[in-house]
Amino acid sequence: MSDLTVRLEGKELEEYIKKRFPKENTMNKPNFPLLEHADHNITQEQLDWVNRHPEISKLPDGEFMIKVLEMPFFLDDARCALYGPSVGDPTVENHETFLKIRGNRAGPSRMIDKPTRPARRLVVIGIKGEKAKTIYGTRGSRATPLEAWDAEKEEQTFEEIKRCRDFWNHHALSSQE
């Protein structure tokens, strides 16, 4: 250790974390009072951290946002269900996949029979001060595009629907919890 390094353990470490990352949102209201899709195994601690994240807190209420946030060391890993090139894997071939409607979604997802994997980033998509559409773990650096059926339902442009189709032709989601 250098002369400038201080090693904190036990109570000292807990006190440092409490001071550096306070549990209370200074504005006393969460960034996202509602979470629409709560089926991505996000822990309460991870959700609390997102709800008081300073970068999100600075946004005006009502602003739509998509952010990829690196979680601090003291939070448990999130789970990443994505397989494919955007998370460092080879293209997922059709013979490896099957279609399944997940939860209450309106269309099927391209699935692969592989486990979820640990992730240190969270994707947060929502309207600040209103609701998080979704929060999920990722190993990638960008949010995944909508599934093609979802992009069509939301009346996205032809180019955006094509981009979504192209992405999901190379990627799949874990079918395992």
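Which residue takes a positive phi in the hairpin of β8 and β9? The residue is Gly-129, with a phi near 85°. The legends below describe close-up views of a predicted model.

View 1. Strand β8 covers residues 121-127 and runs antiparallel to β9. Seven bridges join the two strands. Within this pairing, Val-123 stands opposite Tyr-136 of β9. Three residues lie between the strands of the hairpin, where Gly-129 has its positive phi. Strand β9 spans residues 131-138 and is mostly covered, with six of its eight residues buried.

**View 2. The open sheet of four strands.** The strand order is β4-β10-β6-β5, and the pairing in this open sheet is mixed. At the edges are β4 (82-83) and β5 (97-101), each of which pairs on one side only. Strand β6, residues 108-112, runs antiparallel to β5, and five bridges join the two. Phe-98 has Met-111 in β6 as its bridge partner.

**View 3. The largest nonpolar core.** This core has 15 residues. The members that touch the most other members are Phe-32, Trp-49, Val-50, Ile-56, Leu-122, Val-124 and Ile-135. Two or more residues come from each of α2 (44-51), β2 (64-70), β8 and β9. Helix α2 gives the largest share, three residues. In soluble globular proteins, nonpolar side chains tend to be buried together.

**View 4. The surroundings of Val-50.** Neighbours within four places in sequence are left aside here. Beyond them, Val-50 is in contact with Asn-31, Phe-32, Ile-56, Leu-122, Val-124 and Ile-135. Of the residues in this view, Val-50 itself is listed among the core members that touch the most others, as are Phe-32 and Ile-56.

**View 5. The second core.** A separate core of eight residues includes Cys-80, Val-87, Trp-168 and Leu-173. Cys-80 counts as buried because its relative accessibility is 0%, below the 20% cut-off.

**View 6. Cysteines without disulfides.** A disulfide is a covalent bond between the sulfur atoms of two cysteines. How many disulfides does a search of the whole structure find? The search finds zero. Cys-164 has a relative accessible area of 0%, so this residue is buried. Cys-80 is likewise buried, at 0% relative accessibility.

Conventions:
Residues numbered from 1 in each chain as written. Predicted model: local features only at pLDDT ≥ 70, side-chain atom pairs only at ≥ 80, totals over all residues. Heavy atoms only, no water. Pairing = 2+ DSSP bridges. Buried < 20%, exposed > 50% of the residue type's maximum accessible area, 1.4 Å probe, protein only. Core = buried A, V, L, I, M, F, W, Y, C linked by side-chain atoms within 4.5 Å. Contact = heavy atoms within 4.5 Å. Disulfide = S-S within 2.5 Å.
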